[in-house]
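Subject: Structure for you to look at

Dear colleague,

I am passing on the structure we talked about, with the sequence alongside, so that you can look through both before reading my notes.

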Amino acid sequence: MGTREGIGDRLRAAAFAELQAIHGFRWAADRFTQEVSAELRLDWLRLAQEEEKHMNWLLARLEGLGIPLRERPVSDFLWRSFLTCTSARAFCHYIAGAEERGRDAGLRFAKRMQQFDPISAEIFGQIAEEEKSHIELAYRYFPLSTRPFDLANQTPMRAAATAVSPTDSPIQAPNDSSFALPKHR
Ligand SMILES: [Fe+2]
Ligand SMILES: [Fe+2]
């Protein structure tokens, strides 16, 4: 945790998760155009921009620490999971579940990192704060009878991700290509 590699791994994994969220929201805005309101579509595109801001904070921190982006593999699990969502509702619940798990991890990281790298800790803390509204948005559009978490009381229950349950199979990140996912158009 307190090592340069440990910090780098977390920054890299988080940046790649943000990248997948950017593509996920844009993909959903395209894929479910007929199914959702113009308002939700615009909200998704707005969230994609926020995820891009988060990714850029993380990439800038990696660069600031002189940690190479491509020295370790990352997983495209999230992106492949989004593609298995067959409805806007399933997508919303799935991505909100992923954001909630990411947020929990970010909060834990921010707390433990405070003594080693306060700058990275602050970035993770700020992202976690902003992810709250992303998660809430999903349940505003697609309420569940049993709410899977309660952000106000900080009691995550992790039920939302059951909307889809893809199998995990991490892949090696390419060392020679760009930090990007396939185009969905
Ligand atoms: Fe984000
Ligand atoms: Fe988000």
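This is a predicted model: local features need pLDDT of at least 70, side-chain atom pairs count only at pLDDT 80 or more; totals for chains, interfaces and linings use all residues.

Of its 185 residues, 36% count as buried. Among contacts between residues at least 6 apart in sequence, 75% join residues at least 24 apart.

Two of the helix pairs deserve a description, and two packed helices are described by the angle between their axes and the distance between those axes. For helix 4 (residues 88–113) and helix 5 (residues 118–141), the axes come within 8 Å and cross at roughly 155 degrees; an angle over 145 degrees counts as roughly antiparallel, and therefore helix 4 and helix 5 are described in that way. Their crossing is left-handed, and the residues of this contact divide into 15 nonpolar, six polar and four charged.

The axes of helix 1 and helix 4, for their part, come within 12 Å and cross at roughly 160 degrees, which makes helix 1 roughly antiparallel to helix 4. The crossing of helix 1 and helix 4 is left-handed. On the helix 1 side, the residues that meet helix 4 are Arg10, Ala14, Ala17, Ala21, Gly24 and Ala28, while helix 4 contributes Ala88, Phe91, Ile95, Gly102, Gly106 and Phe109. By type, the residues of this contact divide into eight nonpolar, three polar and one charged.

Helix 2 (residues 38–64) has 27 residues and reaches 39 Å from its first C-alpha to its last, close to the 39 Å expected at 1.5 Å a residue. Its buried residues are Leu40, Trp44, Leu47, Glu51, His54, Met55, Trp57, Leu58 and Arg61, and what covers them includes helix 1 (4–31) and helix 5. Just after helix 2, Gly66 takes a positive phi of about 70 degrees.

Helix 5 can be checked in the same manner: its 24 residues should span 34 Å at 1.5 Å a residue, and its end C-alpha atoms are 36 Å apart, which agrees. The buried residues of helix 5 are Ser120, Ile123, Phe124, Ile127, Glu131, His134, Ile135 and Ala138, and they pack against helix 1, helix 2 and helix 4.

Finally, which residues does Gly106 touch, not counting residues up to four places away in sequence? Gly106, which is found in helix 4, touches Ala14, Phe124, Ile127 and Ala128. Gly106 is buried, with 24 other C-beta atoms within 10 Å, and although Gly106 and Leu11 are 95 residues apart in sequence, they are 10.0 Å apart in space, C-alpha to C-alpha. Ala90 also lies in helix 4, but Ala90 is partly exposed, with 16 other C-beta atoms within 10 Å. From Ala90 to Ala138 the separation is 48 residues in sequence and 9.9 Å in space, C-alpha to C-alpha.

Terms used. Residues are numbered from 1 along each chain as its sequence is written. Chains are lettered from A and ligands numbered from 1 in the order in which they are written. A residue is buried if 20 or more other C-beta atoms lie within 10 Å of its own, exposed if 12 or fewer, and partly exposed in between; C-beta atoms are placed from the backbone. Two residues are in contact if their C-beta atoms, placed from the backbone, lie within 7 Å. Axes are lines fitted to C-alpha atoms, for helices over the stretch in contact, and angles run from 0 to 180 degrees between N-to-C directions. Helices (H or I, at least four residues) and strands (E, at least two) are DSSP runs, numbered from the N terminus. Angles under 35 degrees count as roughly parallel, over 145 as roughly antiparallel, 65 to 115 as roughly perpendicular and the rest as oblique. A crossing is left-handed if the near helix is turned anticlockwise from the far one by less than a right angle, and right-handed if clockwise. Ala, Val, Leu, Ile, Met, Phe, Trp, Tyr, Cys and Pro count as nonpolar, Asp, Glu, Lys and Arg as charged, and the others, Gly among them, as polar. The expected span of a helix is 1.5 Å times one less than its number of residues.
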